[in-house]
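Student: Please take one part of this model and look at it closely, then connect it to what surrounds it.

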Amino acid sequence: MSLSSISNEIAIKDDYMNKFFQSRMIRSIVPYFLLAVGVIIAFHVVAEISVIWGVLSRIWGIIVPFFYGLILAYILNMPCSAIQRLIKRTKNDVLVKRSRPIAVLILMLIVIALVTLTLNLVIPTVTRSITQFITEFESYQHQLQEMVIWFNNLDLPDFIPAIYLDDILAMLQGYLQNFAAGDIVASIFAGFGGVAGGIFRTFLSIVSCIYFLIEMERLHAFSNRLVAAVFSEKNKATIQKYCGKLNFNFRQYIYVQTIDGLILGSLMTILLLIFRSPYALILGLMLGIVNYIPYFGSIFGTLVAAIVMAFTQGLGTAAFASVFMFGLQQLDGNVIQPKLMGGSFSLSPLLVIISVTVGGAYGGMLGMLVAIPIVAVLKDILDGYIQHREARKLEAQEIIEDEPLDDEASWL
C-alpha cells in the first residue's frame, strides 16, 4: 500500500470521527456523561471523606505555622512600610537599596523592646495580683457562699433550681478522683509534648513572619502577575478592586480596633482605680485586648470585671461600678468607635453580630477577628451586583418604552 493511500485513509477516518463527535446525538449525550462522572466522583469523595479530611488536617497542621506567620507579617507590614518610606527619604543609595531588610530589622528591634518593656511592667503586677488572689481565696469563697445563700432565699419561680455549693464541690472532687495515676502521668507527658510543639510552632511562625516581611513586595508583584496571566483585563480589574478594598478594610479595622482598645482599656483602668480595685491593670488590659472582637468583646470584658469586683469588693460596689462600666462601654460603642471608623464599615449591628457569630463558629478567635472586614467586602460585592442588575433592567425598560409602536398597537 502506497503512502498516499495510507494518508487518504487516515484523513477519511479523521473526518468520520470529527463528524461523529460533532453529531447532535453525541453533543446531547455529553452533558449527561459529565454529570454521571461528577456523581461518581462525588460518591467516592463522600465515601472516603474521613480519609480526605485526615489528609487535609495533616496538611493544615504542617502549614499552620506559616499561615500564622503570614498573618503576623501582614499586620506588621503596616509599620514596616512606614519605616521603609522614612529610610527612602534619606536619599542615601546604600540605605535606599537595602531599605526593606533595614526596615524589617528596625521593626524587630522595636517589637523586642516593646515586648520586653511590657513584660517588665505587666508581669510583676500580674504576679502580685495572682498571689493576692490565692492569699484571699478563702474570703472570696466565703463571699461566694453568702451570695449563693442570698440567691437561694429569693422568691424565684419553680423552674429556676437552687444552687448548692457542696454538691458542686463534691462533683468536681469525684471527677478529679476518677483519673488514674497512669492517666495523670500520660497527661503530664502529653502536656510537655504540647508545650514543646507549641514553642516550636511559635518559633517557626516568627521566623516565617520575618521572611514574609522581607519578601512582601515580591509576593505582591507575583500575585499581580498571576492574576494578570490567568484572568482577562476586566476580571483582573474587578479582582484587584475588591482585593484592594479588602486590604483597606483589614488595615482600617486593625488600626481602629487597636486605637479604640488602647482608649477603652485606659479609661476602664482609670475607672477601676477610682473604685480601688486591686486588679485594675489586669482587667483594663484584658478589656483592651478582647475589644478586638466587636460587640461581644467589650461586653464580655465588662462582665468579667463586674464579676471580679463582686468577689473582691462586694455586690454593692460591683453593681455601682457596673453602671459606670457599661456606660463607658456604650460611650465607646456609640461615639468613640464610629468617630474612628469614619464610615469605613457601614454594617448594621445585626449583620455584625451574625458575622462575628458565624466567624467564631468556623474560625474560632481568628474567624471572629476577620469576620467584619470580609463581610464588608462581600456586602460591597452584593451591592455592586444589585446596582448592575438594576441598571440593566432600567436600560431594558427604557429601550422598550422608546421603541415605536406598530399600527395595531397604536390603534389599541
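**Helix H12 and its surroundings**

H12 has 18 residues and spans 25 Å from its first C-alpha to its last, close to the 26 Å expected at 1.5 Å a residue; the expected span is 1.5 Å times one less than the number of residues. Helices here are DSSP runs of H or I with at least four residues, strands are runs of E with at least two, and both are numbered from the N terminus. The model is predicted, so local features need pLDDT of at least 70 and side-chain atom pairs count only at pLDDT 80 or more, while totals for chains, interfaces and linings use all residues. Residues are numbered from 1 along each chain as its sequence is written, and side-chain values use heavy atoms, with hydrogens and water left out.

The buried residues of H12 are Gly297, Ser298, Gly301, Thr302, Ala305, Ala306, Met309, Ala310 and Thr312. Buried means under 20% relative accessible area, exposed over 50%, and partly exposed in between, with a 1.4 Å probe and protein chains only. An α-helix has 3.6 residues a turn, so residues three or four places apart point the same way. After H12 comes glycine 314, with a positive phi near 100°.

Apart from neighbours within four places in sequence, methionine 309 is in contact (heavy atoms within 4.5 Å) with Leu272, Phe275, Ser277, Gly314, Thr317, Ala318, Ala321 and Met325. Met309 also belongs to the largest nonpolar core, which has 17 residues; Met268, Leu272, Met309 and Met325 are those with the most contacts inside this core. A nonpolar core is a set of buried Ala, Val, Leu, Ile, Met, Phe, Trp, Tyr and Cys residues joined through side-chain atoms within 4.5 Å. At least two residues of this core come from each of helix H10 (233-274), helix H11 (280-290), helix H12 (296-313) and helix H13 (315-341). A second, separate core of 12 residues includes Ile87, Ala103, Leu213 and Met216.

Phe275, one of the contacts of methionine 309, is also part of a ring cluster: ring pairs link Phe275, Phe320 and Phe324. Rings of Phe, Tyr and Trp (its six-membered ring) pair if their centres lie within 6.5 Å; planes under 30 degrees apart count as stacked, over 60 as edge-to-face and the rest as tilted. The structure holds 5 aromatic pairs. One of them, edge-to-face, is formed by tyrosine 74 and phenylalanine 250, at 6.1 Å centre to centre and 80° between the planes. Tyrosine 74 is in helix H3 (residues 49-88) and phenylalanine 250 in helix H10, so this pair links parts of the chain 176 residues apart. Phenylalanine 275 and phenylalanine 324 form a tilted pair, 5.9 Å centre to centre with 55° between the planes. Because phenylalanine 275 lies in the loop between H10 and H11 and phenylalanine 324 in helix H13, the pair ties together parts 49 residues apart in sequence. Phenylalanine 275 is buried at a relative accessible area of 16%, whereas phenylalanine 324 is partly exposed at 42%.

As for the whole chain, there are 15 helices and 0 strands. Of its 412 residues, 23% count as buried. Among contacts between residues at least 6 apart in sequence, 66% join residues at least 24 apart.
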